Amino acid sequence: MSETIISTQGLLKSYSGKPALRGLNLAVPRGSICGFLGRNGAGKTTTLKLLLGMLRPDGGEIRLFGETVKSEASSIAARQRLAFISEDKELYPYMTVGQTIRFTRAFFPTWRRDLEEKFLELFRLPREKAVPKLSRGMRTQLMLLLAMARGSELLMMDEPTSGLDPAMTEDILQALADLAVSDETTVFFSSHQLMEVEQICDRVCLIDEGQSVIQGVLDDLKAQYRRILLVFDAAPPLALAGLPGIDHLRQRGRTASILAHNNVDAVVESARALGAISTEVRPVTLKELFLDHVRGE
Amino acid sequence: MNLRINFSSGVPIYLQLIEQIKHAVDTGAVREGEQLPTIRKVAEELAMNPNTVARAYRELERDGVIEVRHGLGAYVAEPRASSAKSIEIRKAGAVLRPAIEKGVALGLSESELRRVFEDELSRLVNDAIAARRRT
């Protein structure tokens with residue numbers, strides 16, 4: 001788990017003067033499944049394109065598999081070890097499932113027949129079915145098969161399960177769990193489906209306005225952050241906002257809702273000292289972390 | 001062993017796994033020497049992250065609840081210090097059962113019973129905290 005597969009330092013990218021990434025720092029260790037979160041326009045797709053060498057950064061550094069990606073040659077070397085599944089999931093329309101697999105297999109000397117068979121069976125994909133007749137879920141599954149049977153060490157995906165029904169999504173998540181166990185494959189995918197991210201990811205990275213705002217092991221984040229609900233006799237005192245350890249504070253009437261990390265007990269004690277008549281500490285869901293950090297004040 | 005994880009409860013998932021496996025051991029649902037499902041099996045069945053399952057197993061091993069035999073899998077360890085506790089838990093169940101049956105006879109639903117239990121429990125806990133603060 002120590003080797004860092006994806007790493008960016010101070011990544012910068014602007015589109016005609018408009019900044020998309022403002023110094024993005026990212027670190028994804030080998031064998032982890034990392035969910036890449038953020039609002040539309042936060043910079044997720046730009047980041048994926050930079051990692052794939054489809055765009056060049058204006059500044060900062062990208063390292064893949066521990067090697068700096070600077071030149072076209074180093075980018076190609078990295079791309080040989082990774083696979084990408086885009087959101088639109090384009091496939092050749094005039095082929096069947098079996099033909100698509102045979103066609104793709106020919107490009108990759110490291111093709112894994114065992115993985116091909118395993119995924120065909122797991123996804124119950126019929127070889128003879130024509131690509132245009134595949135459902136959206138089956139297209140995703142076929143692309144996952146093509147990406148993984150190449151023997152990729154890193155799988156990147158842009159919203160892999162958008163538009164899939166819950167049963168299909170569960171099949172995809174199961175396949176990802178399987179990949180992470182068997183081959184230590186590292187998975188990095190953007191998603192708006194916070195529930196599936198909570199289910200399958202051990203790490204998350206949340207970006208907003210081109211910068212990372214939360215990053216780390218999801219269970220550790222859940223252990224650190226707490227929602228503190230306070231009730232006062234009158235309007236909450238202004239001093240509340242100045243307490244150390246508070247990430248966000250929202251007040252409504254006589255109540256205050258605080259998102260805090262690390263310093264939770266001290267915050268509760270201080271709130272009592274400031275006259276809180278009721279205090280309640282609750283765990284925080286990924287959705288709350290997301291909303292509190294990307295909505296601003 | 002029936003593992004049920006609430007992925008969006010905000011409670012760390014590895015802690016939920018630890019609690020449920022400890023509970024299964026304490027109640028005798030899995031016994032000393034019996035094999036636990038492999039990390040792969042748990043991860044695949046629940047479609048969850050294998051690193052998270054591995055973390056729960058590591059902590060359970062450290063706490064002496066399970067024993068990991070390399071290449072063979074994880075087994076419930078020899079009775080730990082809390083084997084006395086597992087007897088106490090079964091005793092407590094026997095004490096609570098008539099109370100629960102009475103509640104059912106009074107027409108309370110499962111969720112109402114749960115709420116009564118949790119209210120009483122949190123009252124006890126709050127009293128204990130208040131008592132500690134007074135001293």
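Predicted model: local features only at pLDDT ≥ 70, side-chain atom pairs only at ≥ 80, totals over all residues.
Chain A contains an open sheet of 6 strands, arranged in the order β6-β7-β8-β3-β9-β10, with mixed pairing. The edges of this sheet are formed by β6 (82-85) and β10 of chain A, each of which pairs on one side only. On average, neighbouring strands of the sheet are turned by 15° against each other when direction is ignored. Helix α10 (residues 286-294) of chain A packs on this sheet, where it touches β3, β9 and β10 of chain A. The direction of α10 makes about 20° with that of β9(A).

Within this sheet, both parallel and antiparallel pairings involve β9(A). Strand β3 (residues 33-37) of chain A runs parallel to β9(A), and the two are joined by 4 bridges. In this pairing, A:Phe36 stands opposite A:Cys205 of β9(A). Strand β9 (residues 203-208) of chain A is also joined to strand β10 (residues 211-217) of chain A, here by 6 bridges and in the antiparallel sense. A:Val204 has A:Gly216 in β10(A) as its bridge partner. The two strands β9(A) and β10(A) form a hairpin with 2 residues between them. In the turn of this hairpin, A:Glu209 has a positive phi of about 50°.

A further open sheet in chain A consists of 4 strands in the order β12-β13-β11-β14, and its pairing is antiparallel. Its edge strands are β12 (246-252) and β14 (278-283) of chain A, each pairing on one side only. Neighbouring strands are turned by 20° against each other on average, direction ignored. Inside this sheet, strand β11 (residues 225-231) of chain A pairs with strand β13 (residues 255-261) of chain A through 7 antiparallel bridges. A:Val231 stands opposite A:Thr255 in β13(A). In a regular strand, side chains alternate between the two faces of the sheet.

Helix α4 (residues 113-123) of chain A packs against α5(A) at an angle of about 160°, with the axes 9 Å apart. Because angles over 145 degrees count as roughly antiparallel, α4(A) is roughly antiparallel to α5(A). The crossing of these two helices is right-handed. From α4(A), the contact is made by A:Leu115, A:Glu116, A:Phe119, A:Leu120 and A:Phe123. The residues contributed by α5(A) are A:Gln141, A:Leu144, A:Leu145, A:Met148 and A:Ala149. By class, this contact has 8 nonpolar, 1 polar and 1 charged residues.

Helix α5 (residues 136-149) of chain A also packs with helix α6 (residues 166-182) of chain A; their axes come within 10 Å and cross at roughly 10°. The two helices are therefore roughly parallel to each other. In this case α5(A) passes α6(A) in a left-handed crossing. On the side of α5(A), A:Gly137, A:Thr140, A:Gln141, A:Leu144 and A:Met148 take part. They meet A:Met168, A:Asp171, A:Ile172, A:Ala175 and A:Leu179 in α6(A). The residues of this contact divide into 6 nonpolar, 3 polar and 1 charged. A:Gln141, A:Leu144 and A:Met148 of α5(A) take part in the contacts with both α4(A) and α6(A).

The secondary structure of chain B comprises 5 helices and 2 strands. Along the sequence, these elements follow the pattern α-α-α-β-β-α-α. The radius of gyration of chain B is 18 Å, well over the 14 Å that the globule rule gives for 135 residues, so chain B is more spread out than a compact globule. The C-alpha trace of chain B spans about 50 × 35 × 30 Å along its principal axes.

The contact between the two chains takes 22 residues from chain A and 18 residues from chain B. On the side of chain A, the elements that give two or more residues are α6, α7 (194-200) and α8 (218-224). The largest share of that side, 7 residues, comes from α6(A). By class, the side of chain A that touches chain B has 11 nonpolar, 5 polar and 6 charged residues.

Methods:
Residues numbered from 1 in each chain as written. Chains lettered and ligands numbered in written order. Pairing = 2+ DSSP bridges. Axes fitted to C-alpha atoms, helices over the stretch in contact; angles between N-to-C directions. Parallel < 35°, antiparallel > 145°, perpendicular 65-115°, else oblique. Left-handed = near helix turned anticlockwise from the far one by under 90°. Contact = placed C-beta atoms within 7 Å. Nonpolar A, V, L, I, M, F, W, Y, C, P; charged D, E, K, R; others polar. Rg over C-alpha atoms; globule rule 2.2 N^0.38 Å.
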